[in-house]
Every structure is written in C-alpha cells, then in structure tokens.
Amino acid sequence: MGGDPLDELARRLQTACLAAGSTVALAESCTGGLIAAALTEIAGSSGYFVGGVVSYSNETKRDLLGVDPAILEAHGAVSAQAARAMAVGARERFGATLAASVTGIAGPDGGTAAKPVGLTYIGVADAEGVDVRRIVWSGDRAANRRDSVVAVLEMLLGRVETADDPAPILATAGRSAGRTTGPQPE
C-alpha cells in the first residue's frame, strides 16, 4: 500500500466514471478547489470531470450555483440545505451526470456553539436525487480540508459504483431527493 489516499481515490473515481460514462462537476467552498486539484492531478481526468466552482462567498453560491438567498438567510452557508442546493446547482449548470458539493467551517476560527469548527456538509446530486452528509472533523484547518476532500471522493465513488446496482449495499441505498444523513440542522 502506502500510496496517497487522494491519488488512489481519484484514480478509482476516474476509472468508475469512464466505465459508466458518467461526468462529474463540483461546488467547493471550504476546500477551496482541493477536490478539483485532486481529480485533475490524474492524467485523463478531462474524460469525465467537466468543471467546478469555488463558491466561497454567499454571493457566489447565489450567482454561480443558483442557491436561493432564502436558504442562505434561513440556514446559513454551512448547512445541509446549502450543500444540497450547491450540488444541484453545479449539476445543472455544468450538465454533469453527478455533482458534489462541500461547505463547512475548516477553522481555526469561525465556529460557534451551534456550528463548531470542523462542521462540514457534503452533498452529491444525480438523476436519482441528492444525498447530504453531516460530518464534524476534529483536526486543524489543513486536516479538516483534506478529510473533506477524501469524504467527497468516497461519496462520489460510492454513488458511481452503485449507480447500476439494483440492490446497493452502501449508504446510498434508499436515497431520495431529500435525504440527509446525520443529525438535521435546526
């Protein structure tokens, strides 16, 4: 073993997407383009990766991804609702088979009691709907961002690998347009 997990996951995702004829788009916030960098580090990624948006501000989420300002006002940029809207917006705008989003508080500052440092929401949207996962990382800024990249790649890979399986055994089984894994934000 001993290989870089990002490299290994990106290679597996590329192989799975090319075999399935799937395309991927991204909407990144707290990762600042690290997911796109991991994907494009692998030669041949242009065969499935169509592009992404680093939407660090609420205005960019609204203007480039079509996130409803009412979602941002009611729930904030770091929320399951924002992650869902970002993934859907990226998928629609790029015309991709599936899209992933990530929004969170990487740290070291910016956390509150309700939304602590490390809180991250990851979304994946395809024709079947949207899955959103809530994760709270406990590392420093660099670790939280890297862990978010790994989680997004794993979630995308799980979605592609189970897309044609009539009885998937991974967490994507039973997905629906509104499913959120983990505690719901208040």
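**Figure 1. The surface of the predicted model.** The protein exposes about 8500 Å², an area found by the Shrake-Rupley method with a 1.4 Å probe. Carbon and sulfur atoms supply 53% of this surface. Of the 186 residues, 48% count as buried (under 20% relative accessible area, with a 1.4 Å probe and protein chains only). This is a predicted model, where local features need pLDDT of at least 70, side-chain atom pairs count only at pLDDT 80 or more, and totals for chains, interfaces and linings use all residues. Residues are numbered from 1 along each chain, and side-chain values use heavy atoms, leaving out hydrogens and water.

**Figure 2. Helices and strands.** The protein has six helices and six strands. These are DSSP runs, numbered from the N terminus: helices are H or I with at least four residues, strands are E with at least two. Along the sequence the pattern reads α-β-α-β-α-α-α-β-β-β-α-β.

**Figure 3. The largest nonpolar core.** Such a core is a set of buried Ala, Val, Leu, Ile, Met, Phe, Trp, Tyr and Cys residues joined through side-chain atoms within 4.5 Å. The largest one has 31 residues. Leu13, Val24, Leu26, Leu39, Leu153 and Leu156 have the most contacts inside it. Elements giving two or more residues include helix 1 (5-20), strand 1 (24-28) and helix 6 (141-162). Which helix gives the most to this core? Helix 6 does, with nine residues.

**Figure 4. Around Leu156.** Contact means heavy atoms within 4.5 Å. Beyond its neighbours within four places in sequence, Leu156 touches Leu13, Val24, Leu26, Leu98, Ala100 and Val124.

Methods. Buried < 20%, exposed > 50% of the residue type's maximum accessible area, 1.4 Å probe, protein only.
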